Amino acid sequence: MSLMKVMDEVNQFFTENIAPPHKIISVRKHKEEDREEKQEGWKAMVEVIEEKEYMKKYANDQMIGLYEVFLDKDAEITGFSRISLRYRSDLEEQQSS
């Protein structure tokens, strides 16, 4: 599976399901041990501008969410989660709950 195919799948998923502007910041091969077998696939990190319209309306700083995305060896997304959230102007990340 090519890196470009993985990036295309992640972009398509975020465009269709998450909607806000996003940027893929990392893609790498990933191995996860699941029970007795090893699952090979991909892991991507994506930054998303959260609730852009709300932030504009109330003149607040934009919030940036960092998402971790897992794909199987065929580039099918198997899971994702937001792992941190921060204001664009913050230097340190705030852990998502």
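Trainee: In what order do the elements of the protein run from the N terminus on?

Mentor: This is a predicted model, in which local features need pLDDT of at least 70, side-chain atom pairs count only at pLDDT 80 or more, and totals for chains, interfaces and linings use all residues. Residues are numbered from 1 along each chain as its sequence is written, and side-chain values use heavy atoms, with hydrogens and water left out. Helices (H or I, at least four residues) and strands (E, at least two) are DSSP runs, numbered from the N terminus. There are 2 helices and 5 strands, and from the N terminus they run α-β-β-α-β-β-β.

Trainee: What span does α1 reach from its first C-alpha to its last?

Mentor: The expected span of a helix is 1.5 Å times one less than its number of residues. α1 has 15 residues, and its reach is close to the expected value, at 21 Å.

Trainee: Within what arc do the buried residues of α1 fall, seen down its axis?

Mentor: Buried means under 20% relative accessible area, exposed over 50%, and partly exposed in between, with a 1.4 Å probe and protein chains only. In α1 the buried residues are V6, V10, F13 and F14. They line one face of the helix, because the directions from the helix axis to their C-beta atoms fall within an arc of 90°.

Trainee: Which residues touch the most other members of the largest nonpolar core?

Mentor: A nonpolar core is a set of buried Ala, Val, Leu, Ile, Met, Phe, Trp, Tyr and Cys residues joined through side-chain atoms within 4.5 Å. The largest one has 13 residues, and those touching the most other members are V10, F14, V46, V69 and L71.

Trainee: Which elements each supply at least two residues of this core?

Mentor: In soluble globular proteins, nonpolar side chains tend to be buried together. Here, at least two core residues come from each of α1 (3–17), β2 (37–50) and β3 (63–72).

Trainee: Which residues does F14 touch, not counting those up to four places away in sequence?

Mentor: Contact means heavy atoms within 4.5 Å. With that sequence limit, F14 touches A19, H22, V46, V48, Y67 and V69.

Trainee: Is H30 buried or exposed?

Mentor: H30 sits in strand β1 (residues 22–34). Beyond four places in sequence, H30 contacts Q39, E40, G41, W42, K43 and F70. Its relative accessibility is 18%, so H30 counts as buried.
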